Amino acid sequence: MHFEQDKQTDFSVVIKSRGKPPNPWRWEIYRAGHSRAVTQSTELFSTVSAAKKAGDRALAELFEKHLIS
């Protein structure tokens, strides 16, 4: 994938219920205009806020890795 020319605003973290309690929540990163996630967590989280916090960190790392500004 070529991310170099994309802007940070073209990406978003979405939290989805993909598992069973007690840890049903997973973060997924999407690029605008695409229906498939760029990446998603392998870990499931017990709360939406924990998944969001981890997803935001993963998005920041994605930007650093691909030098997206």
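User: Which residues make up the largest nonpolar core?

Analyst: In soluble globular proteins, nonpolar side chains tend to be buried together. A nonpolar core is a set of buried Ala, Val, Leu, Ile, Met, Phe, Trp, Tyr and Cys residues joined through side-chain atoms within 4.5 Å; buried means under 20% relative accessible area, exposed over 50%, partly exposed in between (1.4 Å probe, protein chains only). Here the largest one has 11 residues: Phe11, Val13, Trp27, Ile29, Phe45, Ala51, Ala54, Ala58, Leu59, Leu62 and Phe63. This is a predicted model, in which local features need pLDDT of at least 70 and side-chain atom pairs count only at pLDDT 80 or more, while totals for chains, interfaces and linings use all residues. Residues are numbered from 1 along each chain as its sequence is written, and side-chain values use heavy atoms, with hydrogens and water left out.

User: Which element gives the most to this core?

Analyst: Helices (H or I, at least four residues) and strands (E, at least two) are DSSP runs, numbered from the N terminus. Helix H1 gives the most, with six residues. Leu62 is found in H1, which spans residues 48–66, and is buried because its relative accessible area is 12%.

User: What does Ile29 touch, not counting residues up to four places away in sequence?

Analyst: Contact means heavy atoms within 4.5 Å. The partners of Ile29, leaving out residues up to four places away in sequence, include Phe11, Val13, Thr39, Ala58 and Leu62. Leu62 and Thr39 are 23 residues apart in sequence and 9.4 Å apart in space, C-alpha to C-alpha.

User: Is Ser41 buried or exposed?

Analyst: Ser41 counts as buried, because its relative accessibility is 4%. Ser41 lies in the loop between strand S3 (39–40) and H1.
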